[in-house]
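Please keep the sequence and the coordinates open while reading.

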Amino acid sequence: MSEEKPAKTPSDDTPQENGESAPDAGAQMGAEAAAAVNEDPSILEGDEGGKDALEAELAETKDRLLRLAAELENTRRRAEREKQDAARYGAASFARDVLSVADNLRRAIDAVPEEERANASAIIEGVEMTERALHSAFERHGIKPIAPEPGDKFDANFHEAMFEIPNTGLPNGAIVQVVETGYMIGDRLLRAARVGLAKGEAGGNGGGAGGKVDTTV
């Protein structure tokens, strides 16, 4: 008996259909692809319309992010400013109520006649110590007095005119008397200083024409 040879599979044949080898077929496909690219370069570059739309969307997203970051920064700064204001001015309402205590302490001291001060020196000293302690507490909380001197110019931002006094020899509108000390808290007015002003008489020493008070700052 002669031995039967096994049947050949297509993979055992080196030659391919149409007489082409495998490397030659790959080269042909590459050549066809190159020809297609040369004929239409947009195949590699992609869709220009889609690219432009993507760039526009990225630019819009970037703009929204920048706006959001700016808004967050403004919110943070506003919150920090409100926090500082609360710490600086939070005691304003309470301090305004306590000002009457300071006023009454000063009135009590000024009410003692000069001839009786020697006999009441211990009491006066105690009241003055209380007044100093109160003013020290004011200072620790940023509260400072507004205490103009006679002859100072009236400033409507810090002073409140209560009355006018004629024939003082001072310029018209100058401060003659301080009725109540004013106070500032930080850079805000807590209470204006209440003052009496010089009233000028026409032709007088302190005269301003018509007796008009000068309230310019």
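How many aromatic pairs does the count come to? The model is a predicted one, and in it the count comes to one aromatic pair. The two rings belong to Phe-138 and Tyr-183, and because their centres are 5.7 Å apart while their planes stand at 75°, the pair is edge-to-face; planes over 60 degrees apart are the ones given that name. Phe-138 lies in helix α5 (residues 121–140) and Tyr-183 in strand β4 (residues 182–185), so the pair ties together parts of the chain that are 45 residues apart in sequence. Both partners are shielded: Phe-138 is buried, with a relative accessible area of 6%, and Tyr-183 is buried as well, with a relative accessible area of 4%.

**Helix α5**

At 1.5 Å a residue, the 20 residues of α5 should span 28 Å, and the end C-alpha atoms of α5 are 28 Å apart, which agrees. Within α5, the residues Ile-124, Glu-131, Leu-134 and Phe-138 are buried. An α-helix has 3.6 residues a turn, so residues three or four places apart point the same way. The face of α5 that is turned away from the buried side carries the exposed residues Ala-122, Glu-139 and Arg-140. The cover over the buried residues of α5 includes α4, β1 and β4. Just after α5, Gly-142 takes a positive phi of about 75°.

**The sheet of β1, β4 and β5**

Strand β4, which holds Tyr-183, belongs to an open sheet of three strands in the order β1-β4-β5, where the pairing is antiparallel. The edge strands of this sheet are β1 (143–146) and β5 (188–191), each of which pairs on one side only. Neighbouring strands here are turned by 35° against each other on average, direction ignored. Between β4 and β5 the antiparallel pairing runs over three bridges; Met-184 has Leu-189 in β5 as its bridge partner, and Ile-185 stands opposite Arg-188 in β5. The hairpin of β4 and β5 has two residues between the strands, and in this hairpin Gly-186 takes a positive phi near 65°. Helix α4 (residues 92–111) lies across β1, β4 and β5, and runs at about 45° to β5.

**The sheet of β2, β6 and β3**

Another open sheet of three strands has the order β2-β6-β3, with mixed pairing. Strands β2 and β3 stand at its edges, each with a single partner strand, so one side of each is left without a neighbour in the sheet. Neighbouring strands of this sheet are turned by 30° against each other on average, direction ignored. Four bridges join β3 to strand β6 (residues 193–199), and these two strands run antiparallel; Val-178 stands opposite Val-195 in β6.

Ile-175 has its place in strand β3 (residues 175–180), and at 0% relative accessibility Ile-175 counts as buried. Which residues is Ile-175 in contact with, once its neighbours within four places in sequence are left aside? Among them are Pro-148, Glu-149, Pro-150, Gly-151, Asp-152, Lys-153, Phe-154, His-159 and Leu-170, and the list also includes Val-195, Gly-196 and Leu-197. Ile-175 and Lys-153 are 22 residues apart in sequence and 6.2 Å apart in space, C-alpha to C-alpha.

The loop between β2 (159–166) and β3 contains Asn-167. Asn-167 is exposed, with a relative accessible area of 68%. The phi of Asn-167 is near 55°, a positive value in a residue other than glycine. Most residues other than glycine have a negative phi.

**Relative accessible areas**

The table gathers the accessibility values of individual residues.

| Residue | Relative accessible area | State |
|---|---|---|
| Phe-138 | 6% | buried |
| Tyr-183 | 4% | buried |
| Ile-175 | 0% | buried |
| Asn-167 | 68% | exposed |

Terms used
Residues are numbered from 1 along each chain as its sequence is written. This is a predicted model: local features need pLDDT of at least 70, side-chain atom pairs count only at pLDDT 80 or more; totals for chains, interfaces and linings use all residues. Side-chain values use heavy atoms; hydrogens and water are left out. Rings of Phe, Tyr and Trp (its six-membered ring) pair if their centres lie within 6.5 Å; planes under 30 degrees apart count as stacked, over 60 as edge-to-face and the rest as tilted. Buried means under 20% relative accessible area, exposed over 50%, partly exposed in between (1.4 Å probe, protein chains only). Two strands pair if DSSP finds at least two bridges between them. Axes are lines fitted to C-alpha atoms, for helices over the stretch in contact, and angles run from 0 to 180 degrees between N-to-C directions. Contact means heavy atoms within 4.5 Å. The expected span of a helix is 1.5 Å times one less than its number of residues.
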